[in-house]
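Please find below my note on the structure under review. It is arranged as numbered points, to be read with the sequence and the coordinates at hand.

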Amino acid sequence: MAIDEDVESCGSRAALSSHAQPRHQRQKLEVYNEVLRRIQQSNFEEANLPGFDDQLWLHFNRLPARYALDVNVERAEDVLTHKRLLQFAEDPANQPAFEVRTVQVYHVGNSVDSVHSDSSMIEDAQSSFNYSNRQGIHPPPTFGSSPNLEAFALQENRYHVEDGGSAMSSTPFFSRPMHEITFSTVDKPKLLSQLTSLLAEIGLNIQEAHAFSTVDGFSLDVFVVDGWHYEETEELKSVLQKEISKLKEQSWSKQHPIAAIGEDNQTRNESFPDCIEIPTDGTDVWEIDTRQLKFENKVGSGSFGDLYRGTYCSQEVAIKVLKPERVNAEMLRDFSQEVYILRKIRHKNVVQFIGACTKPPNLCIVTEFMSRGSVYDFLHKHRGVFKLPSLLKVAIDVSKGMNYLHQNNIIHRDLKTANLLMDEHEVVKVADFGVARVQTQSGVMTAETGTYRWMAPEVIEHKPYDHKADVFSFGIVLWELLTGQLPYSSLTPLQAAVGVVQKALRPTIPKTTHPRFAELLERCWQQDPTQRPHFSDIVKILQNLAKEVGTEGEDQRRDKSGGFFSGLRWGHH
Ligand SMILES: Nc1ncnc2c1ncn2[C@@H]1O[C@H](COP(=O)(O)OP(=O)(O)OP(=O)(O)O)[C@@H](O)[C@H]1O
């Protein structure tokens with residue numbers, strides 16, 4: 001039977017005893033047997049649990065073969081500690097799990113140098129390098145037989161040691177207490193550098209390090225350190241615990257950037273991922289169960305269906321129900337396109353999508369309810385008028401919403417005052433994505449949409465167009481806000497369209513208009529789309545103008561009772 005070095009099961013122990021197995025496999029079995037014997041002899045409670053020997057064998061097999069080869073069998077209880085730590089670390093709340101103990105570290109050395117360099121160093125020159133014969137104050141490190149320790153000893157001292165154990169036995173040995181810290185956590189890139197910097201942070205010097213990864217993604221890292229008084233093990237434990245909690249908090253803040261504002265970036269640990277993975281249960285969070293919707297009054301009708309006021313989970317909502325007779329393959333495609341766009345949209349100046357019912361023929365789109373109705377109704381049904389400061393506030397709201405849509409490659413294509421809605425706080429938001437489309441990469445869009453009076457010439461002419469078509473429409477909206485009139489009111493929509501395309505017809509700007517506002521209108525409705533400004537520029541121009549004409553701060557406006565439309569009834573609901 002072929003046995004994988006690190007994953008063979010408990011049942012493989014018999015097979016391993018065969019001499020046909022590789023040497024390190026046999027050694028692993030020998031170490032396991034010796035550790036088990038010592039644990040049983042020492043009467044450790046765990047050893048009496050049923051199946052303990054199998055679990056211990058599993059422990060050896062979770063770890064690479066060198067773990068068994070390096071571990072000091074005289075320190076069988078350390079193997080139990082490793083097993084316990086690995087188990088403890090399975091709960092993320094305990095990561096990293098750690099253990100600290102004092103160890104007696106032996107090394108060859110110049111007695112004068114050594115004693116003088118550290119007063120805690122205890123000369124032990126009489127003892128041999130065999131741990132069992134030595135009467136050190138503390139037990140040796142778990143991986144005391146490691147070649148690293150010997151190399152460390154050789155490097156530290158000027159004695160020339162010719163040949164391993166025999167030469168060393170005649171060499172003076174010195175010992176001193178240090179701490180052994182063992183960590184266990186989920187294995188991840190840069191974990192070692194994270195742990196070593198944690199140890200350095202609290203002033204410890206690493207004298208030895210042993211790192212192991214388990215086959216199931218955990219780590220076991222053992223450090224022998226100095227730099228902390230050997231009698232103060234409990235203090236070291238609590239400082240380590242504090243440092244670990246600090247690291248965890250920083251990791252949490254990094255994953256929750258809002259909480260991280262104001263933190264010193266340099267104290268963050270580099271090894272955390274750039275972006276956390278959000279778990280998904282595979283359901284579409286925006287799918288609304290129709291049974292949860294309560295319909296109230298009908299607010300209006302559009303070309304694709306009726307709009308109702310209603311509630312969804314006690315929240316006031318607008319429910320656009322698509323007419324079943326209008327549901328066909330093309331309409332379903334448009335509908336899914338609309339949901340595709342809406343679900344990603346989140347901006348204060350864009351009507352908030354809440355969810356959709358997508359089970360034909362019951363198709364509906366649920367959005368926040370805009371209690372104060374449309375700007376169109378305000379101007380043309382209620383004969384409302386905007387003074388310049390409030391006009392600028394509405395214009396800034398709309399241009400911010402449009403800027404957001406364009407930043408997300410969305411062209412509205414039907415921007416007009418009927419699609420600008422106001423909520424109870426007098427915030428104006430862009431609505432009705434019934435015909436909005438994600439811009440194709442080529443930028444070519446051919447479908448005829450919108451209403452002629454607000455439509456850019458290139459759209460009327462069925463030419464390819466881009467986001468600048470919305471800027472043209474916005475220019476017409478600004479004029480409408482300024483004058484309170486319907487654009488080209490003396491013309492039919494078709495006559496207006498012909499005039500716009502063939503005669504570069506534009507609404508007449510009143511002579512009394514603020515010159516910079518008039519200039520903005522003209523730039524927005526330029527025949528050549530490339531000459532029209534971007535919404536990001538429009539926002540700035542309008543904000544500067546608002547400052548100049550002494551517009552109240554936006555927040556003040558929200559708080560004012562009656563708002564800036566006082567004296568006029570706003571809304572139709
Ligand atoms: N979220 C909303 N909250 C409140 N009223 C809304 C909301 N959305 C639309 N309305 C109002 O409901 C009515 C119908 O709107 P709808 O978007 O269905 O059609 P339309 O925009 O008038 O026409 P079309 O869809 O053909 O362009 C309009 O009076 C509009 O102002």
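The points below concern a predicted model and proceed from the whole chain to the ligand, the salt bridges and one lysine.

1. The chain as a whole. The protein chain contains 20 helices and 14 strands. Of its 573 residues, 47% are buried. Among contacts with a separation of 6 or more, 68% are between residues 24 or more positions apart. The accessible surface of the chain is about 28900 Å², and carbon and sulfur atoms hold 50% of that area.

2. Surroundings of the ligand. The ligand is surrounded by 16 residues, the closest being Ser303, Lys320, Glu368, Met370 and Asp432. By class, this shell consists of 6 nonpolar, 7 polar and 3 charged residues.

3. Polar atoms at the ligand. A polar side-chain atom of Asp432 is placed 2.9 Å from an oxygen atom of the ligand. A polar backbone atom of Glu368 lies 3.1 Å from a ligand nitrogen atom, and a polar side-chain atom of Thr367 is 3.3 Å from a nitrogen atom of the ligand. Taken alone, the ligand would expose 610 Å², of which the protein buries 81%. The elements that contribute two or more residues to the shell are β8 (315-322) and β10 (362-368).

4. The search of the whole structure finds 25 salt bridges. One of them joins Asp78 and Arg101, with the closest N and O atoms 2.8 Å apart. Asp78 belongs to helix α5 (residues 76-88) and Arg101 to strand β1 (residues 97-108), so that distant parts of the chain, 23 residues apart, are linked. Both Asp78 and Arg101 are buried. These two residues also take part in a network of salt bridges with Arg75, Glu77 and Glu180.

5. Glu296 and Arg309 form a salt bridge with an N to O distance of 3.9 Å. Because Glu296 lies in strand β6 (residues 293-301) and Arg309 in strand β7 (residues 305-312), the pair ties together parts 13 residues apart in sequence. Glu296 is partly exposed at 40% relative accessibility, and Arg309 is partly exposed at 24%. Lys298 forms a salt bridge with Asp306, at 3.5 Å between the closest N and O atoms. Lys298 is partly exposed at 45%, whereas Asp306 is buried at 17%.

6. Lys416. Is Lys416 buried or exposed? With a relative accessible area of 17%, Lys416 counts as buried, because the cut-off for that class is under 20%. Lys416 is located in the loop between β11 (410-411) and β12 (420-422). Leaving aside residues up to four places away in sequence, Lys416 touches Thr451, Trp454 and Val477. The side chains of Lys416 and Thr451 are joined by a polar contact of 2.9 Å.

Definitions and conventions: Residues are numbered from 1 along each chain as its sequence is written. This is a predicted model: local features need pLDDT of at least 70, side-chain atom pairs count only at pLDDT 80 or more; totals for chains, interfaces and linings use all residues. Side-chain values use heavy atoms; hydrogens and water are left out. A residue is near a molecule or strand if one of its heavy atoms lies within 4 Å of it. A polar contact is a pair of N or O atoms within 3.5 Å; within protein, one must be able to donate a hydrogen and the other to accept it, and residues adjacent in sequence count only if both atoms are side-chain atoms. Accessible areas come from the Shrake-Rupley method with a 1.4 Å probe; for residues, only the protein chains shown count as cover. Helices (H or I, at least four residues) and strands (E, at least two) are DSSP runs, numbered from the N terminus. Ala, Val, Leu, Ile, Met, Phe, Trp, Tyr, Cys and Pro count as nonpolar, Asp, Glu, Lys and Arg as charged, and the others, Gly among them, as polar. Buried means under 20% relative accessible area, exposed over 50%, partly exposed in between (1.4 Å probe, protein chains only). Contact means heavy atoms within 4.5 Å. A salt bridge is a side-chain nitrogen of Lys or Arg within 4 Å of a carboxyl oxygen of Asp or Glu.
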